[in-house]
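Subject: Structure handover

Hello,

Here is the structure for you to take over. My notes on it follow below.

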Amino acid sequence: EVVWTRRIGGSILRTRQHARGSGLIERSGVGRITFDLDVDDAALLYRQSSIHIAGVPLPSPLSPRVEAAVSAAGQGWRVAVIVSWRARIVCRYCRMIHPA
């Protein structure tokens, strides 16, 4: 399990990620997003397959969409995330992660 903390504007978002089969589950509070993982052009792609709130699945038309890509960059990793809802971008960020 990995704990990932990031600041988006004035808010702190802390999630826990763990692998399940060939996918990844990310949890925050009562929310859970399941991602299928794929590789394309040397990047690891996170493709959302479901969102659950308090264990209840949200239907695709009602749920936000989270897409992410991780790729090697210089001496670290580039993480790019886009959150959209009803075909509009709600949040987007990119972060460089350098090993300690």
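Please keep in mind that this is a predicted model.

Four strands, namely strand 5, strand 7, strand 8 and strand 9, each supply at least two residues of the lining of the second largest pocket. Of the elements, strand 8 gives the most to this lining, with 4 residues. The second largest pocket has 13 lining residues in total, and Glu67, Ala68, Ala69, Ala80 and Ile82 are the ones that lie nearest its centre. Its volume is about 150 Å³. Sorted by class, the lining of the second largest pocket holds 9 nonpolar and 4 charged residues, with no polar ones.

The largest pocket

The largest pocket holds about 580 Å³ of space. Its lining is made of 28 residues; those nearest the centre are Arg6, Thr15, Glu26, Ile33 and Val66. By class, the lining of the largest pocket has 19 nonpolar, 5 polar and 4 charged residues.

At least two lining residues of the largest pocket come from each of strand 1 (2-8), strand 2 (11-20), strand 3 (23-28), strand 4 (31-40), strand 5 (43-53), strand 7 (65-73), strand 8 (76-85) and strand 9 (88-97). Strand 5, strand 7, strand 8 and strand 9 also each supply at least two residues to the lining of the second largest pocket.

Salt bridges

The count of salt bridges is 3.

One of them ties together two residues already mentioned: Arg6 and Glu26, which are among the residues nearest the centre of the largest pocket. Their side chains meet in a salt bridge with an N to O distance of 2.9 Å.

Another salt bridge joins Glu1 and Arg16, whose closest N and O atoms are 3.1 Å apart. This pair, too, links distant parts of the chain: Glu1 sits in the segment before strand 1, Arg16 in strand 2, and they are 15 residues apart. Are these two partners buried or exposed? Glu1 has a relative accessibility of 66%, so Glu1 counts as exposed. Arg16, at 42%, counts as partly exposed.

The remaining salt bridge is between the side chains of Arg47 and Asp38, at 2.9 Å from N to O. Arg47 has a relative accessibility of 42% and therefore counts as partly exposed. Asp38 is partly exposed as well, with a relative accessible area of 35%.

Surface

Val30, Ile53 and Leu58 make a nonpolar surface patch of about 250 Å². Val30 is placed in the loop between strand 3 and strand 4. Which side of the cut-off does Val30 fall on, buried or exposed? Its relative accessible area is 59%, and exposed means over 50%, so Val30 is exposed.

Backbone

Most residues other than glycine have a negative phi. Two residues in this model are worth a look for that reason.

Asp41 has a phi near 50°, a positive value in a residue other than glycine. Asp41 lies in the loop between strand 4 and strand 5. With a relative accessibility of 74%, Asp41 counts as exposed.

Ala42 also has a positive phi, of about 65°, although it is not a glycine. The loop between strand 4 and strand 5 is where Ala42 is found. At 70% relative accessibility, Ala42 counts as exposed.

Gly76, in contrast, is buried, with a relative accessible area of 9%. Gly76 is placed in strand 8. From C-alpha to C-alpha, Gly76 and Ala42 are 14 Å apart in space, and they are 34 residues apart in sequence.

That is the handover.

Regards

Key. Residues are numbered from 1 along each chain as its sequence is written. This is a predicted model: local features need pLDDT of at least 70, side-chain atom pairs count only at pLDDT 80 or more; totals for chains, interfaces and linings use all residues. Side-chain values use heavy atoms; hydrogens and water are left out. On a 1 Å grid over the protein atoms alone, a cavity is a set of points where a 1.4 Å probe fits but cannot get out, and a pocket is an open set with protein on both sides within 12 Å along at least five of seven lines; lining residues have an atom within 4 Å of a point. Grid points are joined across faces, edges and corners, and a volume is the space filled by probe spheres set on the points. Ala, Val, Leu, Ile, Met, Phe, Trp, Tyr, Cys and Pro count as nonpolar, Asp, Glu, Lys and Arg as charged, and the others, Gly among them, as polar. Patches are made of residues with over 30% relative accessible area and no salt bridge: like charges are joined within 9 Å, nonpolar side chains (Val, Leu, Ile, Met, Phe, Trp, Tyr) within 5 Å. Accessible areas come from the Shrake-Rupley method with a 1.4 Å probe; for residues, only the protein chains shown count as cover. A salt bridge is a side-chain nitrogen of Lys or Arg within 4 Å of a carboxyl oxygen of Asp or Glu. Buried means under 20% relative accessible area, exposed over 50%, partly exposed in between (1.4 Å probe, protein chains only).
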